[in-house]
Amino acid sequence: MLERLPALVAALWWGSLSTIGPVVVPLLFAQLPSPALAGQMAARLFAAQTWVALACGLVLLLASRPRHAPQQPPWANAAMVFILGGMLLALLSQFGVAPRIMARQDLRLWHSLGTAMYALQWCCALAVLWQTLRHDPQPGALGR
């Protein structure tokens, strides 16, 4: 089970990004009575997503350096830059971009930048997931 933990964590990270940004947030704006209320709720969801990204990244970093193994797992070297990049993008979005959006500073610029950073984080999480699945310890064992 521990060999599959990195793939499960990467799937959680990528799946949460895939759900919140393109599905949940647009639904908030379509269903809530005011854009201001939807924006406040979206900000809370994106903040929660930041913590999910950081937790997943931390678990992946810890899994890339197992204490009992003589070397890193095969996926670790290829995924490391994407793990760190995704975590950095999450932090920059939350603490650099989100406060400017909440302060309503140049909304077009900051929304565009936030969207681009979210999309890049999505790509990083996908690359991590891809690497962890590519180096599956027991290919074809999922059906057993």
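Is Val59 buried, partly exposed or exposed? At 32% relative accessibility, Val59 counts as partly exposed, where buried means under 20% relative accessible area, exposed means over 50%, and partly exposed lies in between (1.4 Å probe, protein chains only).

The model is predicted, so local features need pLDDT of at least 70 and side-chain atom pairs count only at pLDDT 80 or more, while totals for chains, interfaces and linings use all residues. Residues are numbered from 1 along each chain as its sequence is written, and side-chain values use heavy atoms, with hydrogens and water left out.

The protein has four helices and zero strands, taken as DSSP runs (helices H or I, at least four residues; strands E, at least two) numbered from the N terminus. Of the 144 residues of the protein, 35% count as buried, and the C-alpha trace spans about 55 × 30 × 20 Å along its principal axes.

| Helix | Residues |
|---|---|
| α1 | 5–31 |
| α2 | 35–63 |

The axes of α1 and α2, which are lines fitted to C-alpha atoms over the stretch in contact, with angles from 0 to 180 degrees between N-to-C directions, come within 10 Å and cross at roughly 170°. The two helices are therefore roughly antiparallel to each other, a term for angles over 145 degrees. By class, their contact has 24 nonpolar, four polar and no charged residues, with Ala, Val, Leu, Ile, Met, Phe, Trp, Tyr, Cys and Pro as nonpolar, Asp, Glu, Lys and Arg as charged, and the others, Gly among them, as polar.

Val59 has its place in helix α2, and together with Leu2 and Leu5 Val59 makes a nonpolar surface patch of about 250 Å².

Note on methods
Angles under 35 degrees count as roughly parallel, over 145 as roughly antiparallel, 65 to 115 as roughly perpendicular and the rest as oblique. Patches are made of residues with over 30% relative accessible area and no salt bridge: like charges are joined within 9 Å, nonpolar side chains (Val, Leu, Ile, Met, Phe, Trp, Tyr) within 5 Å. Accessible areas come from the Shrake-Rupley method with a 1.4 Å probe; for residues, only the protein chains shown count as cover. A salt bridge is a side-chain nitrogen of Lys or Arg within 4 Å of a carboxyl oxygen of Asp or Glu.
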